[in-house]
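Please open the structure below in a viewer and keep the selection tool at hand. The stops that follow say what to select and what is there.

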Amino acid sequence: MYNSKIAGLGFYVPENVVTNDDLSKVMDTNDEWIQERTGIKERRHVIKDTETTTSMGVEAAKKAIERAGIDKDEIDFIVFATLSPDYYFPGPGVLVQRDLQLKRTVGALDVRNQCSGFVYGISVADQYIKSGMYKNVLVIGSELHSRGLDMTTRGRGVSVIFGDGAGAAVLTREEDTSKGILSTHLHSEGQHAEELSLIAPGMGKRWVLDIIEDNDPDDTSYYPHMNGQFVFKNAVVRFSEVIMEGLTKNNLTPADIDMLIPHQANLRISQFIQNKFRLNDDQVFNNIMKYGNTTAASIPIALTEAWEAGKINEGDLVVLAAFGSGFTWGSVIIRW
């Protein structure tokens, strides 16, 4: 039996910076309003036709593979988390296998768990490695939100929040079972699925043909919908629960946390959790101010930045936690 450990990290964000003031030129909003409610100052949006969910994931993966100190052809499996795939099908996992030009026809799995997608992906990779099935698993979280947002006053409650970007991690075997990923914890509560959702196009209610036939300029079913207050109230509860679940499983307490990387959904949620667990600023890493909410990409981007800044060191207890659409949520407990 092995543990798995994160051997390499990387991230990629588009060069194009979109500030709150930029958004105020296309919708009725302002910098103060956005920062007060979300903590976001700017985000990245793609402007190049060559930038896609897959291409951003590939760039992040290249960095992670290099930092892991392995050849790309040593990758045994790919897990790709996203809510914004290049195509309705196939998913981007196989496109990464193609675009990385891997010599082997390794398997690729797509995870559609939105904000908690990377946490779910890490859990899947962890189990494959622990079982001995694979040695090196590439996990990617990548999102291209900007092309699917309602960039008008009508959509401002959602559209000001999201940004584009990708992060990646290479997981590999760890012989010392006191190190690496100690445990993962996953949950869902589908009764609230429609509170944070994108309904169309989908086979259940409105497919592409229905949208075209109606040609309704007021149809917002193909834009993201979020019941912000309801999501916030659930998030702070589930974040706390799943973090404590992971700590308790490993006979740890909040005081043992060296670095908490929360999903970057809203700075106010992160601050609430930080205060509840009595963590200082050096124990929590946030970068939503720069990138907005990048959904499945937010944790790997933040984890990579924290590691690059020297805020995560060998022996540290690192906690990843996410909550989002589905509702789905989860945590990962890591001894670095």
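The model is predicted.

**Stop 1: a pair of helices**

Select residues 228-249, helix α8, together with residues 267-276, helix α9. Their axes are 10 Å apart, and the two helices pack at an angle of about 40°. An angle in that range makes α8 and α9 oblique to each other. The crossing of α8 past α9 is right-handed.

Now show the side chains where the two helices touch. On α8, pick F232, A235, V236, F239, S240 and I243. Their partners on α9 are R268, I269, F272, I273 and K276. By type, the residues of this contact comprise 8 nonpolar, 1 polar and 2 charged.

**Stop 2: aromatic rings**

Across the whole structure, a search finds 10 aromatic pairs. For one of them, select Y222 and Y223: the ring centres are 5.2 Å apart and the planes stand at 45°, so this pair is tilted. Y222 has a relative accessibility of 29% and counts as partly exposed. Y223 is also partly exposed, at 22% relative accessible area.

Next, select F230, F323, F327 and W329, which ring pairs link into a cluster.

**Stop 3**

F327 sits in the loop between β12 (317-324) and β13 (328-335).

**Stop 4: positive phi**

Which side of the surface are the next two residues on, buried or exposed? Select Q114 first, in the loop between β5 (107-111) and α5 (117-130). Q114 is not a glycine, yet its phi is positive, about 50°. With a relative accessible area of 14%, Q114 is buried.

Then select N251, in the loop between α8 and β11 (259-262). This residue, again other than glycine, has a positive phi near 55°. N251 has a relative accessible area of 71% and is exposed.

**Stop 5: a covered helix**

Select residues 298-308, helix α11. This helix is mostly covered, with 9 of its 11 residues buried. Colour the buried ones: S298, I299, P300, I301, A302, L303, T304, E305 and A306. Following α11 is G310, which has a positive phi near 75°.

**Stop 6: single residues**

Begin with V160, in the loop between α6 (156-159) and β7 (165-174). V160 is buried, at 2% relative accessible area. What does V160 touch, not counting residues up to four places away in sequence? The contacts are L23, M27, T29, W33, I34, I40 and R43. For a distance check, draw a line from V160 to I199: the C-alpha to C-alpha separation is 20 Å, and the two are 39 residues apart in sequence.

Go on to Y128, in helix α5. Its relative accessibility of 23% puts Y128 in the partly exposed class. Leaving out residues up to four places away in sequence, Y128 touches F77, M133 and Y134. Y128 and F77 are 51 residues apart along the chain, while their C-alpha atoms are separated by 9.1 Å.

Finish with R278, in the loop between α9 and α10 (288-291). R278 is exposed, with a relative accessible area of 77%. From R278 to V79 the distance is 34 Å, C-alpha to C-alpha, across 199 residues of sequence.

Definitions and conventions
Residues numbered from 1 in each chain as written. Predicted model: local features only at pLDDT ≥ 70, side-chain atom pairs only at ≥ 80, totals over all residues. Heavy atoms only, no water. Axes fitted to C-alpha atoms, helices over the stretch in contact; angles between N-to-C directions. Helix = DSSP H or I, 4+ residues; strand = E, 2+ residues; numbered from the N terminus. Parallel < 35°, antiparallel > 145°, perpendicular 65-115°, else oblique. Left-handed = near helix turned anticlockwise from the far one by under 90°. Contact = heavy atoms within 4.5 Å. Nonpolar A, V, L, I, M, F, W, Y, C, P; charged D, E, K, R; others polar. Phe/Tyr/Trp six-rings, centres within 6.5 Å; stacked < 30°, edge-to-face > 60°. Buried < 20%, exposed > 50% of the residue type's maximum accessible area, 1.4 Å probe, protein only.
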